[in-house]
Amino acid sequence: MIPRLFLSFFLILCCMPQGIAAEVLGAGTVQIVWKVSNRFRFFKDEADFKKQEQAWSEYGMHVAAKDGSVEDNDMFYYNSSVLGIEHMLNDRRIPFTKILRTKFDWRGWAAKTVDDTCYDPKSRTHAACGGVDAYINPTGHDIEISLKSLTSGPALFKQYTCHWQIGDAPVQDANCDETIRTSIPYPDGATISVNVDNERPISIDVKVKDLLVVGLGDSFASGEGNPDVPVQMDETHRVQNMYPAVASRDVTGSARWLDQACHRSLYSYQLRAALQMALENPHGAVTYLGYACSGAAIDKGIIGPQTYVEYQSDDYQSQSPQVMALAGGRGDTQMNWFLREDCREKPVQEQGLWKCPGDKFKRNVDFAFVSVGGNDIGFASLVSWATLRKGPVTRLANWFGVTTSPDEFAANMQNVLPGAYQRLARQLEKSMPLNHDGLPYDASRVVLTAYPDILADENGNTCKGVTDGSVPEDAFAANQSMDRFANWLVVRQDKMDAAHGKLESLYERMKTTADANGWTFAGRAHADAPFKGHGFCAQRQDRLDDPAEVLIMPCFGNAPRPTATCLPGILSKATGWRPYDPATRNYPYALRQRWVRTINDAYMTVNQKVIDKSGYIDEVSSARNFIETTGGMHPNAEGHASLADAMLMDLRPEIKKAFQVDQ
């Protein structure tokens, strides 16, 4: 009887290449596998995409280790992928542990990426990767190719040299266990074949499906509240001898944005959703055009020009400087920005709507992501109504029309929103080349996203506020979250309940009008309540001393209660910062219970300032114009990631169909 060990050795020898006695690379033994290297073309540097890809993979390993069936874990993985990536990249702790990292970049992941995108902030076009035309219409995509064994036995690929033929390019030789890189022409693709000496090649036809995704809308779409590089606070300089001041006194000390005027950032849920589409489809790519702008409405922003949230004064040393919001000209609109990049001719206006002459588009659009409507009906003014104190401030606000009562808000939903959406629908049909499924214009590829519920506490209930005055205001988390501006702002329970009650009505109205225009309504952002437990007043009760969970503003001095702001005067001298040092322990992108920027968060993260024409901060005008709160009551990075996940749950069937390659 032949010993088993000897028999195994004999079989291996028989299979060794002596003129190659057995087939090494056959259709039944190996498979050619490939993927696009940088599938999110908005990132200039492939390494930035790889970081996101690696974070997604690591998150998948954590989810796979959870108790539960494979099917349940897979569903959880895909439905929380963007949020999971955010946790992997921006968690101050080692993900899924309580262990603090020794090396943590307090600025967040976008700070290392914002300078390596295809968006040119100077021209405000997507021209930074070889020009707009090269970005809009790629001529090829870099791909990675390797061999995968289809047999259960060991693969001995490394013993052989593979000869790779990609289209008409010269043959590439490499060890068969190596991954090779090449460029595939777009859109035609190429045939890839591989063989070893003395064998017939195996081959596949490879085509990359590149989708063009356009992002339009308001501050919820732009990423407001989440600058790519947050402002840095100073430990020694203080405002009113109490509150943190920015580290630099000129424009260089301001928060930095992908687009400064629009406060558009890489944290935008529209961008994150497009990025996740690219991550999930290895044989495809996404070309992303983002135009969303903070403060935009339909008529003033998307179709017509708007004023920006950035302000400038003529002279900060003047006793009464002239302060103006930045604004562009007639063509400074989101639709014109899109058309000047995708239209071969100069865009024109017809009856107030933008148009590409002769419909000479450079490329068809696959999806148009839209978030708009809130500014049209006064959402920010409703928040102002709910938080401004009674008295002279409220009367002044009413006089200037910056507050909207719940009844007025409800009336605007009924009377203003449908007409505004109809005008947007006409504009998109006139100027957006959404040609799909044999339709000259497929309105279902317009995706309108619902607004989330931002007014809930950690238990999912409406944020609590003052009732009869028997409890100090600062006992309520909602009031702690804006104590820097407590002279003007306070949350009262009756007003908060009234404002909260209109959010469900807004969701229903948006759904009805979206359906009427044939759009896809991504309603899970509200209907599935992803922000339940994560509103602006939410806190992790087991981490109340964590700077990320603290709601009150750091201040220099003493206070009568732990939740109260510091007192001015002699008590504030030489007593130190509380509850944390704003220069060394401010973590704007660390994970936290709330997924909404509070008024205090906006001060510590954005700290919007009026800049004079010489490039210096005009502190007096900044405080007078109340712009240091810009970004408050908007989703933070975790909130945007959750919104992206919610939208993708609504869209994945259509996305899968869109990525199918036409042979």
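Analyst: Let's start with a cut-off: buried means under 20% relative accessible area, exposed means over 50%, and partly exposed is in between. Keep in mind that this is a predicted model.

User: Then why is Lys 609 called buried?

Analyst: Lys 609 has a relative accessible area of 6%, and the label needs a value under 20%. So Lys 609 counts as buried.

User: What makes Lys 609 and Glu 619 a salt bridge?

Analyst: The rule asks for a side-chain nitrogen of Lys or Arg within 4 Å of a carboxyl oxygen of Asp or Glu. Here the N to O distance is 2.9 Å, so the pair qualifies as a salt bridge. Glu 619 sits in helix α18 (residues 619-624), while Lys 609 is in the loop between α17 (599-605) and β21. Glu 619 itself has 29% relative accessibility, so the label there is partly exposed.

User: How do you know that Arg 524 has salt bridges with Asp 528 and with Asp 650?

Analyst: Same test, with the limit at 4 Å. Arg 524 and Asp 528 come to 2.8 Å, N to O, and for Arg 524 and Asp 650 the closest N and O atoms are 3.3 Å apart. Arg 524 is in helix α16 (residues 524-527) and Asp 650 in helix α19 (residues 637-658), so this pair ties together parts that are 126 residues apart in sequence.

User: What makes β13 and β22 edge strands?

Analyst: The open sheet has four strands in the order β13-β12-β21-β22, with mixed pairing. β13 (323-327) and β22 (617-618) each have a single partner strand, so one side of each is left without a neighbour in the sheet.

User: And how do you know that β21 and β22 are paired?

Analyst: Pairing takes at least two bridges. Two bridges join β21 (residues 610-612) to β22, running antiparallel, so the strands meet the cut-off. Ile 611 stands opposite Ile 617 in β22.

User: Where does pLDDT stay under 50?

Analyst: That's residues 1-21. Where pLDDT is low, the predicted coordinates should not be read in detail. For the chain, the mean pLDDT is 91, and 92% of residues reach 70 or more.

Technical notes. Residues numbered from 1 in each chain as written. Predicted model: local features only at pLDDT ≥ 70, side-chain atom pairs only at ≥ 80, totals over all residues. Heavy atoms only, no water. pLDDT = per-residue confidence, 0-100. Contact = heavy atoms within 4.5 Å. Buried < 20%, exposed > 50% of the residue type's maximum accessible area, 1.4 Å probe, protein only.
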